[in-house]
Amino acid sequence: MNIVLFGPPGSGKGTQAKLLAERYGVPHISTGDILRENINKETKLGLEARTYMDRGELLPDDVLIGIIKDRLSQSDCASGFLLDGYPRTLPQAEALSTILTELGKNLDVVLNIDVPEEELLKRLAGRRMCVCGASYHILFNKPKQEGICDLCGSKLYHRDDDKEEAIMNRLDVYKDQTQPLIDHYTQAGVMLTINGAADIGDVFNEICRLLDDLKSGI
Ligand code: AP5
Ligand code: MG
């Protein structure tokens, strides 16, 4: 299945994508993770990305469109993919549609994870990340040992864009540039909205139920 996980910063896209990728055997493609990997490796893209990400701004569309075109052309996407953090603007959504047509694929569903803003603020302020990509929360999703990744044993860190000023900017950017895509995908008939304010496991079960229904109808 070809899936877009959609939602504001902190809605749980990355958390759910990891669980879903395992369950459905499709690659999890997070543009934020790809950019952070480039920042860690100090590539040219990483140096450019950092200036935007630390402020909570979006990178230029052409940069992201190029990344996604390359990634979706790879062989592991042959039987499906799970996009997390892309598209975030109308030009990105239009480019996705062109890329998929060129590759002979369709978008099956856009899952909109809906979470009230006050909950998003709590989630982002308490999130802790690992270099291996795992993500935790100091209250809602604690590692077994405080400050240490369960999966690889590395020290957890606080994302630079999870500081208060950048969080507020990311939420504004989401409302201005990304939220309008809800209408775009609703009109295209592929948008499903999920209550993302429940526990991680309950949200996961709800998404699986919707995807299984959809799969049996495909
Ligand atoms: P990106 O990394 O995509 O960040 P984001 O969209 O702001 O989303 P987050 O990763 O912050 O949240 P999430 O929804 O994944 O939540 P998570 O599962 O971690 O993008 C970062 C930056 O990269 C952008 O600002 C931009 O600069 C650039 N960028 C990326 N893509 C781009 C694009 N397409 N175009 C242009 N620029 C782009 O959960 C959050 C926390 O909540 C965690 O602590 C988690 O444990 C906890 N949690 C999750 N679910 C629950 C739950 N149900 N109950 C309680 N806690 C929960
Ligand atoms: Mg994420």
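## Basis of the model

Residues are numbered from 1 along each chain as its sequence is written, while chains are lettered from A and ligands numbered from 1 in the order in which they are written. In this predicted model, local features need pLDDT of at least 70, side-chain atom pairs count only at pLDDT 80 or more, and totals for chains, interfaces and linings use all residues; side-chain values use heavy atoms, with hydrogens and water left out.

## The parallel sheet

Five strands make an open sheet. Their order is β2-β3-β1-β4-β7, and the pairing is parallel. The edges are β2 (28–30) and β7 (191–195), each of which pairs on one side only. Neighbouring strands are turned by 25 degrees against each other on average, direction ignored. The axes behind that angle are lines fitted to C-alpha atoms, for helices over the stretch in contact, and angles run from 0 to 180 degrees between N-to-C directions.

Some terms need their cut-offs. Helices (H or I, at least four residues) and strands (E, at least two) are DSSP runs, numbered from the N terminus. Two strands pair if DSSP finds at least two bridges between them. In general, strands of a sheet pair through backbone hydrogen bonds, either parallel or antiparallel.

## Strand β1 and its partners

What does β1 (residues 2–6) pair with? One partner is β3 (residues 81–84), joined to β1 by 4 bridges in parallel. The other pairing listed here is with β4, also parallel, over 4 bridges.

β1 is mostly covered, with 5 of its 5 residues buried. Buried means under 20% relative accessible area, exposed over 50%, and partly exposed in between (1.4 Å probe, protein chains only). Asn2, Val4 and Phe6 point one way, Ile3 and Leu5 the other, and all are buried. In a regular strand the side chains alternate between the two faces of the sheet.

β4 (residues 109–114) runs parallel to β7, and 5 bridges join the two. Asn112 pairs with Thr193 in β7. Asp114 stands opposite Asn195. β4 is also mostly covered: 5 of its 6 residues are buried.

## Ligand 1 and its shell

Which residues come nearest to ligand 1? Of the 36 around it, they are Thr15, Glu57, Arg88, Arg127 and Arg170. A residue counts as near if one of its heavy atoms lies within 4 Å. By class, the shell holds 13 nonpolar, 13 polar and 10 charged residues. Here Ala, Val, Leu, Ile, Met, Phe, Trp, Tyr, Cys and Pro count as nonpolar, Asp, Glu, Lys and Arg as charged, and the others, Gly among them, as polar.

Several polar contacts reach the ligand. Such a contact is a pair of N or O atoms within 3.5 Å; within protein, one must be able to donate a hydrogen and the other to accept it, and residues adjacent in sequence count only if both atoms are side-chain atoms. A backbone N or O atom of Ser11 lies 3.3 Å from a ligand oxygen. A side-chain N or O atom of Asn141 is 3.4 Å from a ligand oxygen. A backbone N or O atom of Ile200 sits 3.5 Å from a ligand nitrogen. Alone, ligand 1 exposes 1000 Å², and the protein buries 97% of that (Shrake-Rupley method, 1.4 Å probe; for residues, only the protein chains shown count as cover). Elements giving two or more residues to the shell are α1 (13–24), α2 (31–40), α6 (117–126) and β6 (135–137). α2 gives the most, with 4 residues.

## Local backbone features

A cis peptide bond joins Tyr86 and Pro87, with omega about 0 degrees. Pro87 is in the loop between β3 and α5 (90–103). Glu42 is not a glycine, yet has a positive phi of about 55 degrees. Glu42 lies in the loop between α2 and α3 (44–55). Is Glu42 buried or exposed? Glu42 is exposed, at 62% relative accessible area.

Asn169 lies in helix α7 (residues 164–178). Asn169 counts as partly exposed, because its relative accessibility is 22%. The C-alpha atoms of Asn169 and Gly56 are separated by 5.7 Å, although the two residues are 113 apart along the chain.
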